[in-house]
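Dear colleague,

Please find below the structure that I am handing over to you.

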Amino acid sequence: MWKREKMWMIKPPTEHPKESKYRPVLESLLPRDPMSRFKLKRGSPKDEFPNLDRNGTLMGRILDLHMYTRQFNRATESGVIFDDIIRPGLEDPGQSTGPKAVGCLAGDAQSYILFCDFFDRIIESYHGYKVTSDSVQESDFNYDNLKGGDDFDQEYAVSCEVTVGRSVEDYSFPTHCSRGERRQLHTLAKTALEQLAEDLPGKLYSIDELSHESEDRGVVMDAPPSYLIKIGVARDWPDARALWLSKDGTLAIWVNMEDHLKLVSYRSDACLQEAFKTICINVLKMEAVYNKRRHPFIWKRHLGWVVSSPAEVGTGLKASVSVKLLYLAENKRMDDILDRLRLQMEATSCPGVYKISNLQTIGCNEVGLTQLVVDGVKLLIRMERRLENNGGIDDLVPTQK
């Protein structure tokens with residue numbers, strides 16, 4: 001029969017004079033739990049759990065009380081807590097139809113590690129890619145490996161765009177960074193762009209300069225876009241935000257918007273091959289300048305290039321082509337076709353024209369993702385031609401990629 005031990009039989013731990021003397025010093029050297037620095041007036045996880053009944057984001061679908069409780073008392077070194085992570089999805093709950101939004105943003109690179117239970121589920125759900133400890137995200141900026149992309153049928157392909165995002169090591173992301181961090185990032189970008197302009201002439205414009213029309217550029221921005229306000233990126237607008245435009249119009253670089261840097265190459269001739277080449281050349285040049293200044297872009301072995309949105313981790317790359325699809329867009333099999341091609345479709349302001357782009361950004365390199373778009377757009381145009389002539393497309397529907 002079990003018997004409780006008598007208190008007098010339990011020996012107190014042996015005290016060592018030197019250990020007692022130096023214990024306060026040793027304990028002071030231990031890193032403090034960041035959460036212990038805060039005195040947040042919060043209730044229990046159950047009391048604080050958000051209402052997700054009408055939330056159409058992936059965050060709203062994945063998050064439950066059990067997961068919320070596990071993340072509740074965690075904080076990164078820069079002070080990001082889990083409520084900061086999910087706030088964008090609460091401010092903008094998304095829609096039940098159309099492209100699915102992730103509904104969350106990382107506040108810094110450590111967020112992906114500290115809140116990995118949550119972010120890994122989001123990444124798997126959005127990209128169809130399971131993050132494991134053995135995962136290795138590869139990169140390939142050799143644009144010569146891309147096959148095609150310069151031969152779309154101009155009757156259907158209207159324009160194209162390639163974008164890539166990058167974040168800088170040791171700085172919080174735009175939803176969480178301080179004014180000082182944002183200004184330092186602006187100074188870094190200004191120095192890097194001055195060096196880039198030696199090979200590709202261009203000019204850096206402040207947001208104030210973009211508030212009025214000018215002949216040397218076609219961009220006007222007098223207020224932050226509504227989506228930036230909703231996700232908390234437009235704080236202190238327009239402080240330390242800028243846009244660099246190349247003189248030949250082939251490249252634009254946004255500074256301190258959704259990410260620290262966003263490179264954009266747009267072409268009205270829908271030559272995706274040239275747009276991709278422009279991005280590959282210049283992102284490597286920017287990376288070299290930042291490395292030289294000891295501020296490398298954030299890269300993790302299992303996640304690749306790390307940016308604020310889990311919808312863009314891995315490569316940070318989105319390649320898109322705007323295509324006329326009057327008949328195919330209304331076809332009942334369109335959603336299934338896009339799933340099989342691993343692409344997504346968004347309506348544009350022009351009736352009958354849709355933006356076709358890669359959904360996945362992780363688990364495949366830059367060339368591979370762009371190749372998916374090239375091959376997919378060509379197939380969609382073939383299907384559109386068939387439907388115009390009252391033909392069938394069942395034989396063109398691909399097997400699951």
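Predicted model: local features only at pLDDT ≥ 70, side-chain atom pairs only at ≥ 80, totals over all residues.

Residues are numbered from 1 along each chain as its sequence is written, and side-chain values use heavy atoms, with hydrogens and water left out.

Helix α8 comprises the 18 residues 179-196. At 1.5 Å a residue α8 should span 26 Å, and its end C-alpha atoms are 25 Å apart, which agrees; the expected span is 1.5 Å times one less than the number of residues. Buried residues (under 20% relative accessible area, with exposed over 50% and partly exposed in between; 1.4 Å probe, protein chains only) of α8 include Arg182, Leu185, Leu188 and Leu196. Seen down the axis, the buried residues of α8 fall within an arc of 130°, so they line one face of the helix; the arc is that of the directions from the helix axis to the C-beta atoms. They pack against β2 (202-206), β3 (242-246), β4 (252-255), β5 (261-267) and α10 (272-292), where contact means heavy atoms within 4.5 Å.

Among the buried residues of α10 are Leu272, Phe276, Asn282, Glu287 and Tyr290. Its buried residues pack against β1, α8, β5, β7 (304-305), β8 (317-324) and α12. Just after α10, Arg294 takes a positive phi of about 60°.

Ser159 lies in β1 (residues 157-166) and is buried, with a relative accessible area of 8%. Leaving aside neighbours within four places in sequence, Ser159 is in contact with residues including Tyr266, Arg267, Val321 and Ser322.

Arg382, in helix α12 (residues 366-388), is partly exposed, with a relative accessible area of 45%. Arg382 and Leu396 are 14 residues apart in sequence and 8.4 Å apart in space, C-alpha to C-alpha.

As to the lining of the second largest pocket, β3, β4 and β5 each supply at least two residues. The largest share, four residues, comes from β5.

With kind regards
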